[in-house]
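I opened this entry to keep track of what I looked up in the model. The notes follow the order in which I went through it.

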Amino acid sequence: MNRTSLSLIAAATALAAVTGFASLSAPADADTTAAGAAARLPVERTSQLCPAPSVSDVAETTYTSVTPTGKGGADSAPAADAGGTAELKESTVTLADPGGADGDKADDGKKDDKEGESAQDDAGKAATGEDGKSFMTLKEPGTPVSAEASGATSPALVGTATGRFAPGWTTQQTTTVTVGGARGLLGMTCTAPDTDFWFPGASTERSRQDYVHLTNPDDTVAIVDIELYGADGAVKSETGEGIPVPARSSVPVLLSTLTSESAPNVTVHVTTRAGRVGAAVRAADDAGGSDWLTASGAPAGSVVLPGIPKDATDVRLVVFATGSADADLKVQLATPEGTITPAGLESLHVKSQMTAALELADVTKGEAGSLVLSPSGSPAPVVAALRVVRGKGEKREIAFIPATAPITARATVADNRAKGSTLSLTAPGAAAKVRVTSSPGTEGGEPTVETYDVKARSTLAVTPKAPAGLKGAYALTVEPESGGPVHASRTLELPEDGVPMFTVQTLPDDRGTVSVPRAREDLSILDDGK
């Protein structure tokens, strides 16, 4: 049996293939407390994908991008690599949304079906060429930049940050559509490419037009499978397998073209056979506006859905059990004063590989809250999301809140305005202390820092303190300082003509650091000589 030494450089190279690149020169404050323990170093490369924002000719989209500073960010980047860039480019090929500008109208369903199938066929034939042109570039960590786009032809964006711009880099895409079937405030944090996504809360009903947008950042074709699960399990589909997404391109797929079944609550599972993609669902309701549904956090036995607005008029919980066992869940609401159990809504049984829904109505009743799901028996992994409605009648507006993991070190959300931003902090267990930094504005201002105490088993909803002398939009960076786990989200409100337009973005940890073995330690692998 031969014994081969694996150097630190080789170990870091293998690690980079999975998590992104990490520097080999540790900063003075790197986390290396235990002798021989791995160091946590800032990542050196981060990717982001933003889907084509809208199919409406009257859409107005703002992109706000920032790399936070502070612990784990640009301030702790190794001196050996103090440079770097952060840039978003237009995708080389963006296939037009098959619904067109009026694609959200239920009356056009048959037309959408044919064009949706055509778009998938064209995806395999689309030519790819040189990299797309530059759309926006960061100038300095800690200071956000913004750019705007208009109309239905704005393409998907593909971005990369390196060096000191990489740790924690985030971009917010915010679109306002004031009229038409796609009316609404659509917001999302641009996503990293991956190979596996869960979207509970989608629909194939005639009143809904839900598209899953697939964006490929790489130089080779990605092959994608889309599975749908309803109340009775897998939804039969003959066209959801083997969808090609050309290199550096984006493809929208209308979910109702994948099946003849009409289901009000569907869980969408997106996986890749080859390559990787960014994925998000643009959902539009004939009577309730539209917004982005982003992926739920990884399947877990207990999940938290933070930031239900205090004036929510209707809330629906959608849960899918991803494993081979049924899930029996306790349903609780973390309010400002503590955790309560909504009367008559104490539990939810979710069968394995099936989607279950629970109507919560106006569960918050004037106080902001967060939903906490925990096992009432043996834990079984689930994914979950909330569909939230504000307003009534023709003045209704929808948004989505997917389950999200706690912030382990830091999380950032961009595009906060002087008015209309609410930060929700939830401590489902022990009390916690949280540091919140407001960055300078895109056009000026001085950063501010506030510290908040979140009581055990509660939700704290605050209006964040804006930067002094704010001009433009700013970013919020959340860092737990002590206590138990903290889950967070940001609600942005931009009312229009009596419609309470809003969108909610959750704040998962930014994963701005990666664990790398210390230089003085050699790793070894065993080779049996075969």
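Entry 1. I began with Arg-248, which is found in the loop between β16 (243-245) and β17 (249-254). Its phi is positive, about 50°, although Arg-248 is not a glycine. I noted this since most residues other than glycine have a negative phi. Is Arg-248 buried or exposed? Arg-248 counts as buried because its relative accessibility is 13%, and the cut-off for buried is under 20%.

I then looked up Gln-353, another residue other than glycine with a positive phi, here near 60°. Gln-353 sits in the loop between β25 (347-350) and β26. With a relative accessible area of 28%, Gln-353 is partly exposed.

**Entry 2. Confidence.** The protein chain has a mean pLDDT of 84, and 80% of its residues reach 70 or more. Over residues 1-35 the pLDDT is below 50, and this stretch has 65 contacts in the model beyond near neighbours in sequence. Residues 520-530 also have pLDDT below 50, with 23 contacts beyond near neighbours in sequence. Where pLDDT is low, the predicted coordinates should not be read in detail. I took no details from either stretch.

**Entry 3. The chain as a whole.** I counted secondary structure next: the protein chain has 2 helices and 41 strands. Of its 530 residues, 54% count as buried. I also looked at contacts with a separation of 6 or more: residues 24 or more positions apart account for 82% of them in the protein chain.

**Entry 4. The disulfide.** How many disulfides does the structure hold? The structure holds 1 disulfide. Cys-50 and Cys-190 form it, with their sulfur atoms 2.0 Å apart. The link of Cys-50 and Cys-190 is right-handed, with 110° about the S-S bond. Cys-50 lies in strand β3 (residues 45-50) and Cys-190 in the loop between β11 (184-189) and β12 (196-202), so the pair ties together parts that are 140 residues apart in sequence. Both Cys-50 and Cys-190 are buried.

**Entry 5. Thr-62.** I found Thr-62 in strand β4 (residues 60-66). Thr-62 has a relative accessible area of 18% and is therefore buried. Leaving out residues up to four places away in sequence, Thr-62 touches Ser-146, Ala-147, Glu-148, Gln-172, Gln-173 and Thr-174.

**Entry 6. Sheet with β26 and β29 at the edges.** I traced an open sheet of 4 strands in the order β26-β22-β28-β29, with antiparallel pairing. β26 (355-361) and β29 (397-402) each have a single partner strand, so one side of each is left without a neighbour in the sheet. On average, neighbouring strands of this sheet are turned by 20° against each other, direction ignored. Strand β22 (residues 312-321) is joined to β26 by 6 bridges, and the two run antiparallel. In this pair, Val-315 stands opposite Ala-361 in β26.

**Entry 7. Nonpolar cores.** Which residues touch the most other members of the largest nonpolar core? Of its 31 residues, they are Leu-305, Leu-317, Val-319, Leu-360, Leu-371, Leu-373 and Leu-386. β22 gives the most to this core, with 5 residues. For Val-319 I listed the contacts beyond four places in sequence; among them are Leu-329, Leu-348, Val-350, Met-354 and Leu-373. A second, separate core has 29 residues, including Leu-228, Val-270, Val-277 and Ala-385.

In β27, Leu-371 is the bridge partner of Leu-305. Strand β21 (residues 303-308) and strand β27 (residues 369-375) pair in the antiparallel sense over 4 bridges. β21 is mostly covered, with 6 of its 6 residues buried.

**Entry 8. Sheet with β30 and β34 at the edges.** Last, I went through an open sheet of 4 strands in the order β30-β37-β32-β34, where the pairing is antiparallel. β30 (411-416) and β34 (448-454) stand at the edges with a single partner strand each, so one side of each has no neighbour in the sheet. The twist averages 25° from one strand to the next. β30 runs antiparallel to strand β37 (residues 474-483), and 4 bridges join them. Val-413 stands opposite Leu-476 in β37.

Note on methods: Residues are numbered from 1 along each chain as its sequence is written. This is a predicted model: local features need pLDDT of at least 70, side-chain atom pairs count only at pLDDT 80 or more; totals for chains, interfaces and linings use all residues. Side-chain values use heavy atoms; hydrogens and water are left out. pLDDT is the predictor's confidence in each residue, from 0 to 100. Contact means heavy atoms within 4.5 Å. Two strands pair if DSSP finds at least two bridges between them. Axes are lines fitted to C-alpha atoms, for helices over the stretch in contact, and angles run from 0 to 180 degrees between N-to-C directions. A disulfide is a pair of cysteine sulfur atoms within 2.5 Å. Buried means under 20% relative accessible area, exposed over 50%, partly exposed in between (1.4 Å probe, protein chains only). A nonpolar core is a set of buried Ala, Val, Leu, Ile, Met, Phe, Trp, Tyr and Cys residues joined through side-chain atoms within 4.5 Å.
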